Amino acid sequence: LARKKDGQPLSPSSQQTLITALKAWFKWLARERHILVNPAHELVTPRLPRNLPKVLLSVAQVEHTLSGPDVAGLTGVRDRALLELLYSTGMRRSEAARLQLTEIDLERGTVMIRQGKGRRDRFIPLGERAALWVARYLDEVRPRLATRLDCWTLFLTDYGEPYENNRLSDLVQRYLRMAGIEHGACHALRHACATHMLENGCDIRYIQVLLGHAEL
């Protein structure tokens, strides 16, 4: 039985990773008829604990974070628009990274998220303040960052490229640290969005749809 170097049991996530790989290997062997029976078919992966985020941002902390970018420059306007969008909509970092120009309607204040987690589309509202910052970014900044006419991704890096998930996390994390918040990145704003809506009386099923959760 695999264990850590100090003899302690592996964490549930490590066990799940190893067992998943083992099941996939034996499934392939059986499918290719190298073995007659899949001996890993009945293996059960451990249930991972659902831990709460390490940080729950207050409204004041969110406002401090959102005001971090220096909006006198191009990248500051872009970063402010991105932070406002994440907090206003509660979207995942991957959804923000691949958001297309055609999927956001600033006049109506709506966002269409295509193929979110579980390959589900959803149509969600965009707050007025976030819409104003995104509009400023589109007017003043994006045309100066774009290097290709055929790129329709909304948010572009300093090099005119779409964001990778980890680069988006690094950006948000940097502003959280500037605000004195030691933990969290994109998901901290997503969780703050949902929590603050719930605290202000929003129906929890509305929040479920907004976040794109399959289960309540």
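Analyst: Take Ala-146. It sits in the loop between α5 (128-145) and α6. Helices are DSSP runs of H or I, at least four residues, and strands are runs of E, at least two, numbered from the N terminus. The model is predicted, so local features need pLDDT of at least 70 and side-chain atom pairs pLDDT 80 or more, while totals for chains, interfaces and linings use all residues. Residues are numbered from 1 along each chain as its sequence is written, and side-chain values use heavy atoms, leaving out hydrogens and water.

User: Is Ala-146 buried, exposed or partly exposed?

Analyst: Buried means under 20% relative accessible area, exposed over 50%, and partly exposed in between, with a 1.4 Å probe and protein chains only. Ala-146 has 29% relative accessibility, so it is partly exposed. Its C-alpha lies 9.8 Å from that of Pro-162, which is 16 residues away along the chain.

User: What is the secondary structure of the protein, and in which pattern does it run?

Analyst: There are 8 helices and 3 strands. Along the sequence they read α-α-α-α-β-β-β-α-α-α-α. The C-alpha atoms fill a box of roughly 65 × 40 × 35 Å along the principal axes.

User: How much of the protein is buried, and what share of its contacts comes from residues 24 or more positions apart?

Analyst: Buried residues make up 37% of the 216 residues. A contact means heavy atoms within 4.5 Å. Of the contacts with a separation of 6 or more, 53% join residues 24 or more positions apart.

User: How many positive and negative side chains are there?

Analyst: Count Lys and Arg as positive, Asp and Glu as negative; His and the chain ends are not counted. Each charge is placed at NZ of Lys, CZ of Arg, CG of Asp or CD of Glu. This protein has 31 positive and 24 negative side chains, and the centres of the two sets lie 9 Å apart.

User: Now a helix. How far does α7 reach from its first C-alpha to its last?

Analyst: The expected span is 1.5 Å times one less than the number of residues. Helix α7 (residues 186-199) has 14 residues and reaches 20 Å, close to the 20 Å expected. Its buried residues include Cys-186, Leu-189, Arg-190, Cys-193 and His-196. The buried residues of α7 pack against α2 (59-66), α3, α4 (93-97), β3, α6 (165-178) and α8 (204-211). Just after α7, Gly-201 takes a positive phi of about 95°.

User: Which residue has a positive phi although it is not a glycine?

Analyst: Most residues other than glycine have a negative phi. Arg-33 has a positive phi of about 65°. It lies in the loop between α1 (12-31) and α2. Arg-33 counts as exposed because its relative accessibility is 74%.

User: Where is Arg-122, and what does its side chain reach?

Analyst: Arg-122 is in strand β3 (residues 122-125). At 9% relative accessibility, Arg-122 is buried. A polar contact is a pair of N or O atoms within 3.5 Å; within protein, one must be able to donate a hydrogen and the other to accept it, and residues adjacent in sequence count only if both atoms are side-chain atoms. The side chains of Arg-122 and Glu-95 make one at 2.8 Å. The Arg-122 side chain also reaches the backbone oxygen of Leu-210, at 2.9 Å. Beyond four places in sequence, Arg-122 touches residues including Met-91, Val-111, Arg-190 and Gly-212.

User: Why does Thr-89 count as buried?

Analyst: Thr-89 is buried because its relative accessibility is 0%. It belongs to helix α3 (residues 74-89). A polar atom of the Thr-89 side chain lies 2.7 Å from the backbone oxygen of Leu-85. Outside four places in sequence, Thr-89 contacts Val-111, Ile-124, Pro-125, Leu-126, Cys-193 and Leu-210.
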